[in-house]
Each structure stands twice: as structure tokens, then as C-alpha cells.
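Hi,

Here is the structure I promised to pass on.

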Amino acid sequence: MAVHVGLEKEKLDPENLRKHVETNGCGSVVSFVGYTRSYSQKKSVKRLEFESWDSKLVDVLKELANRAIGEFDIISVCMVHRTGIVRPLEPIVCIHVGSA
């Protein structure tokens, strides 16, 4: 079982992060990428700004990944979240899951 979690202060690259998913024995890789919207409630969004308690957030992401592996037929998980300023249409979070 492979778990890769992290925080990214600059640019999040979902395609590059997929290389962290262990695919040996997988029948599928499912991906989720969350983006900053350009508009919210009919108002233009200029940016989102994320602050985090970095070490705590990494621990929480690891716990979520390990729980998913324990409860489902999952072989590997890659979860990375942005911190800092994220502009519209930029990725905020990326989750790749390899399952049997």
C-alpha cells in the first residue's frame, strides 16, 4: 500500500502527481481535482487564500488515506492540497486513488 500526501505552496500539477500512485495490481485509478471557481454567487472571484497548520494537515491527510485503504479495496492514495494564494481555475486539491 502506497500513501503520498503533501502540501504545495506554489503550483499544483495533477498530472505529475499521478506518478505517485502505485498501479501494480490496480484495475483503475480514480482522480479528483478541485479548482478555484471564477464566480461564486454571481460575484467574481479574484483569489482564494489558504492557511494551514502544515504538520497537522499532513497528519490528517495521512489518516484519511490510511483509513480509505483499510476500509476499501484501495492499493494506493495520493492527496495534495494547495496553501497560499490560489487564483481562479487553478487546482486547489488533487486526489488520485488506485484500486483493485
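Let me start with helix α2: it has 18 residues and reaches 26 Å from its first C-alpha to its last, close to the 26 Å expected at 1.5 Å a residue. That expected span is 1.5 Å times one less than the number of residues. Helices here are DSSP runs of H or I with at least four residues, strands are runs of E with at least two, and both are numbered from the N terminus.

Before going further, a word on the source: this is a predicted model, in which local features need pLDDT of at least 70 and side-chain atom pairs count only at pLDDT 80 or more, while totals for chains, interfaces and linings use all residues. Residues are numbered from 1 along each chain as its sequence is written, and side-chain values use heavy atoms, with hydrogens and water left out.

Back to α2. Its buried residues are L61, A65 and I69 (buried means under 20% relative accessible area, exposed over 50%, partly exposed in between, with a 1.4 Å probe and protein chains only). They cover an arc of only 75 degrees around the axis, so they sit on the same side of α2; the arc is taken from the directions from the helix axis to the C-beta atoms. On the other side of α2, G70 and E71 are exposed. The buried residues pack against β1 and β6, where contact means heavy atoms within 4.5 Å. The helix (residues 54-71) lies across those two strands and runs at about 150 degrees to β1. For angles, axes are lines fitted to C-alpha atoms, for helices over the stretch in contact, and the range is 0 to 180 degrees between N-to-C directions.

Now the sheet. Four strands form an open sheet in the order β1-β6-β8-β2, with mixed pairing; two strands pair if DSSP finds at least two bridges between them. β1 (2-8) and β2 (28-35) are at the edges with a single partner strand each, so one side of each has no neighbour in the sheet. The twist averages 5 degrees from one strand to the next. β6 (residues 74-82) and β8 (residues 91-99) pair in the antiparallel sense over seven bridges, and I74 has S99 in β8 as its bridge partner.

Leaving aside neighbours within four places in sequence, S76 is in contact with A2, V21, E22, H96, V97 and G98.

As for the whole protein, there are two helices and eight strands, in the pattern β-α-β-β-β-β-α-β-β-β along the sequence. Buried residues make up 30% of the 100 residues.

Cheers
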